[in-house]
Amino acid sequence: MKKNKILVIHGPNLHLLGAREPDIYGKATLRDIDKELKAKAKKNDFTIEIIQSNSESEILEKITNTAYDFLIINPAAYTHTSVAIRDALLGVDKPAIEVHLSNIYKREDFRKKSLISDVVLGVISGLGKGSYLLALDAARDFLNKKS
Ligand code: DQA
């Protein structure tokens, strides 16, 4: 049987994790997070592809031109600005979860508005790398129900 494929997209500046505002984003690097995601995906018998991009256009290409069964996306700063990412998600109509390391509702007012939240299945925000790992659990439950 064909394995389900999870696509994980980390948006702008997330390559700086570990060094970037550790009080807000934690000390884990993107490598640490990706390693855990890959191990968990393997346990669940998923194929996983993970990218980090600082470019909105590259993120759009990935969302719209890649084959996958479930998307986990941290749009980072684009969460609050990108009508284009919102439209791409609507355009492909694939199951997706928005994740954030920090709790965006506990921060500056401009972060409290997400252009993405109402076009995805759900949002996990504020649990550090746990936000990504829980999203993978949710992907598993969703895909199991579907099959
Ligand atoms: C973030 C929250 C965003 O507001 C911010 O621009 C980021 C990271 C998070 O994971 O907490 O870059 O998406």
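1. A salt bridge here is a side-chain nitrogen of Lys or Arg within 4 Å of a carboxyl oxygen of Asp or Glu. The model is predicted, so local features need pLDDT of at least 70 and side-chain atom pairs count only at pLDDT 80 or more, while totals for chains, interfaces and linings use all residues. Residues are numbered from 1 along each chain as its sequence is written, and side-chain values use heavy atoms, with hydrogens and water left out.

2. Glu49 and Lys5 form a salt bridge through their side chains, at 2.7 Å from N to O. This pair links distant parts of the chain, with Glu49 in strand S2 and Lys5 in strand S1, 44 residues apart. Strands (E, at least two residues) and helices (H or I, at least four) are DSSP runs, numbered from the N terminus.

3. Glu49 also meets Lys62 in a salt bridge, at 2.6 Å from N to O. Lys62 lies in helix H3 (residues 56–65) and Glu49 in strand S2, so the pair ties together parts 13 residues apart in sequence.

4. Buried means under 20% relative accessible area, exposed over 50%, and partly exposed in between (1.4 Å probe, protein chains only). Lys62 is buried at 19%, whereas Glu49 is partly exposed at 22%.

5. Asp45 and Lys3 pair in a salt bridge at 3.4 Å, N to O. Asp45 sits in the loop between helix H2 (30–43) and strand S2 (47–52), and Lys3 in the segment before strand S1 (5–10), so the contact ties together parts 42 residues apart in sequence. Asp45 is partly exposed at 46% relative accessible area, and Lys3 is partly exposed at 43%.

6. The structure holds 12 salt bridges.
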